[in-house]
Amino acid sequence: MKRIITFGTFDVFHVGHVNILERAASLGDYLIVGVSSDNLNFSKKGRYPIYSQGERCKIISSLRFVNEVFIENSLELKKEYITQNNADVLVMGDDWLGRFDWVSDVCEVIYLPRTPSVSTTEIIEVVKALK
């Protein structure tokens with residue numbers, strides 16, 4: 001069984017999220033998704049997500065091609081998350097190209113193209129402008 005792992009915030013869930021998760025799942029037999037904790041998101045982006053980590057985990061868990069979800073608390077623990085979950089492949093969006101090659105000694109690393117013209121940040125900016 002080929003186990004795939006990926007990570008993300010998955011805030012303001014959109015079709016780009018569905019696309020990358022679906023493509024990640026197609027690369028193996030079992031998809032594990034690490035959802036960034038609220039605090040990790042704040043440390044990365046300087047803001048808390050719109051939806052709580054519990055709500056985001058529930059959304060991701062509801063997808064038929066996702067087998068398991070957990071909270072990611074630290075970017076520095078990627079290798080530990082990979083080995084704890086016996087993952088064979090790490091899949092990330094190509095906006096992270098090369099940034100996770102350092103885990104290639106424990107699993108294969110694949111970067112997938114993002115869905116063009118879709119981003120959570122853009123969606124949030126559009127909604128703010130409508131107010």
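Colleague: Why is Y81 called buried?

Modeller: Y81 has a relative accessible area of 8%, and buried means under 20% relative accessible area, exposed over 50% and partly exposed in between (1.4 Å probe, protein chains only); therefore Y81 counts as buried. This is a predicted model in which local features need pLDDT of at least 70 and side-chain atom pairs count only at pLDDT 80 or more, while totals for chains, interfaces and linings use all residues. Residues are numbered from 1 along each chain as its sequence is written, and side-chain values use heavy atoms, with hydrogens and water left out.

Colleague: What makes F7 and Y81 a tilted pair?

Modeller: Rings of Phe, Tyr and Trp (its six-membered ring) pair if their centres lie within 6.5 Å; planes under 30 degrees apart count as stacked, over 60 as edge-to-face and the rest as tilted. The ring centres of F7 and Y81 are 6.0 Å apart and the planes stand at 45°, so this pair is tilted. F7 belongs to strand β1 (residues 3-8) and Y81 to helix α4 (residues 78-84), so the pair ties together parts that are 74 residues apart in sequence. Helices (H or I, at least four residues) and strands (E, at least two) are DSSP runs, numbered from the N terminus.

Colleague: How do you know that the charged end of K78 sits over the ring of F7?

Modeller: A charge sits over a ring if NZ of Lys or CZ of Arg is within 6 Å of the ring centre and within 35 degrees of the ring normal. The charged end of K78 is 4.1 Å from the centre of the F7 ring and is found to sit over it.

Colleague: What puts the buried residues of α2 on the same side?

Modeller: In helix α2 (residues 38-45), D38, L40 and N41 are buried. They cover an arc of only 160° around the axis, which puts them on the same side of α2; the arc is that of the directions from the helix axis to the C-beta atoms. The face turned away from the buried side of α2 carries the exposed residues N39 and S43.
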